[in-house]
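Reader: Hi, I have a structure to look at and I'm new to this. Can you walk me through it?

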Amino acid sequence: MSKVTLIDHPLIQHKLTLLRDKKTGAKDFRELVNEIAMLMGYEVTRDFQLENVEIETPICKATGKMLTGKKVAIVPILRAGLGMVDGMLKLIPAAKVGHIGLYRNEETLKPVEYYCKLPQDIAEREVIITEPMLATGGSSSDAITLLKKRGAKNIRLMCLVCSKQGLEVVTNEHPDVDIYTAAIDEKLNEHGYIVPGLGDAGDRLFGTK
């Protein structure tokens, strides 16, 4: 069954409050999303495997630890997921980046796929999906299905804010995918937006409406 990890570190919660504030402009919003993603990355990657390696310090020979096992792919759901990529790349600069394009039909609230470009060796990588808002859960669930069809086996979902409904959808449809979030909000409104949420993350990131 999916594991849902709520990352409640004080720095993340502080920055998330600034992110929610409607007075926060696009420049600061982008910087905050980048910073929160980087801070969340510590927990998202906590169970990555290590191996012992022999090195030589300026003083003597020593045994250290380095990452081993599968390489990493970061896959943002366009377009808002792009805002979280740089923060993750600061932690894992060797990661490859794929892209999944989904938009929400405003009448049905169902996601529609329009783009998918992934690393050729996606099946051999630890995949981290970045999606700031897990609202209805439809886009994230469809993105995970898309990745599985293309061979991905080890997938985790990284969000800034989730609704309880969205979490339920993804955990039911993809019980093998762990979810990491900085907040679990109360509900969705009649337009499918998270309440209290932070508005449309894509519009706020890129200054569009």
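Reader: Where does S140 lie?
Author: S140 lies in helix α4, residues 138-149. Keep in mind that this is a predicted model.

Reader: Is S140 buried or exposed?
Author: S140 is buried. Its relative accessibility is 1%, and the cut-off for buried is under 20%.

Reader: What does S140 touch?
Author: Leaving out residues up to four places away in sequence, S140 touches I77, E131, L134, L157 and V170.

Reader: Let's stay with α4. At what angle do the axes of α4 and α5 cross?
Author: At roughly 20°. Helix α5 covers residues 164-173, and the two axes come within 9 Å. That angle is under 35 degrees, so α4 is roughly parallel to α5.

Reader: Is that crossing left-handed or right-handed?
Author: The crossing of α4 and α5 is right-handed.

Reader: Which residues make the contact?
Author: From α4, S140, S141 and I144. From α5, V169, V170 and E173. By type, the contact of α4 with α5 has 3 nonpolar, 2 polar and 1 charged.

Reader: How far apart are L157 and V170?
Author: Their C-alpha atoms are separated by 9.5 Å. Along the chain, L157 and V170 are 13 residues apart.

Reader: New topic. How do α1 and α2 cross?
Author: Their axes cross at roughly 155° and come within 10 Å. Helix α1 is residues 10-20, and helix α2 is residues 26-44. The angle is over 145 degrees, so α1 and α2 are roughly antiparallel. The crossing is left-handed.

Reader: Which residues meet there?
Author: On the α1 side, L11, I12, K15, L16, L18 and L19. On the α2 side, F29, L32, V33, E35, I36, L39 and M40. The contact of α1 with α2 divides into 11 nonpolar, no polar and 2 charged.

Reader: Why do you keep giving an angle and a distance?
Author: Because two packed helices are described by the angle between their axes and the distance between the axes.

Reader: OK, on to strand β4. What about I74?
Author: I74 sits in strand β4, residues 71-78. I74 is buried, at 0% relative accessible area.

Reader: Which residues is I74 in contact with?
Author: Setting aside neighbours within four places in sequence, I74 is in contact with V85, M88, L89, A95, K96, V97, G98, I128 and T130.

Reader: How far is I74 from R125?
Author: 9.5 Å, C-alpha to C-alpha. In sequence, I74 and R125 are 51 residues apart.

Reader: Zoom out. How many helices and strands are there?
Author: The protein has 6 helices and 15 strands. Its radius of gyration is 18 Å, close to the 17 Å from the globule rule for 209 residues, so the protein is as compact as a globular protein of that length.

Reader: What box do the C-alpha atoms fill?
Author: Roughly 65 × 40 × 30 Å, along the principal axes.

Reader: What share of the residues is buried?
Author: Buried residues make up 46% of the 209.

Note on methods. Residues are numbered from 1 along each chain as its sequence is written. This is a predicted model: local features need pLDDT of at least 70, side-chain atom pairs count only at pLDDT 80 or more; totals for chains, interfaces and linings use all residues. Side-chain values use heavy atoms; hydrogens and water are left out. Axes are lines fitted to C-alpha atoms, for helices over the stretch in contact, and angles run from 0 to 180 degrees between N-to-C directions. Helices (H or I, at least four residues) and strands (E, at least two) are DSSP runs, numbered from the N terminus. Angles under 35 degrees count as roughly parallel, over 145 as roughly antiparallel, 65 to 115 as roughly perpendicular and the rest as oblique. A crossing is left-handed if the near helix is turned anticlockwise from the far one by less than a right angle, and right-handed if clockwise. Contact means heavy atoms within 4.5 Å. Ala, Val, Leu, Ile, Met, Phe, Trp, Tyr, Cys and Pro count as nonpolar, Asp, Glu, Lys and Arg as charged, and the others, Gly among them, as polar. The radius of gyration is taken over C-alpha atoms; the globule rule is 2.2 Å times the number of residues to the power 0.38. Buried means under 20% relative accessible area, exposed over 50%, partly exposed in between (1.4 Å probe, protein chains only).
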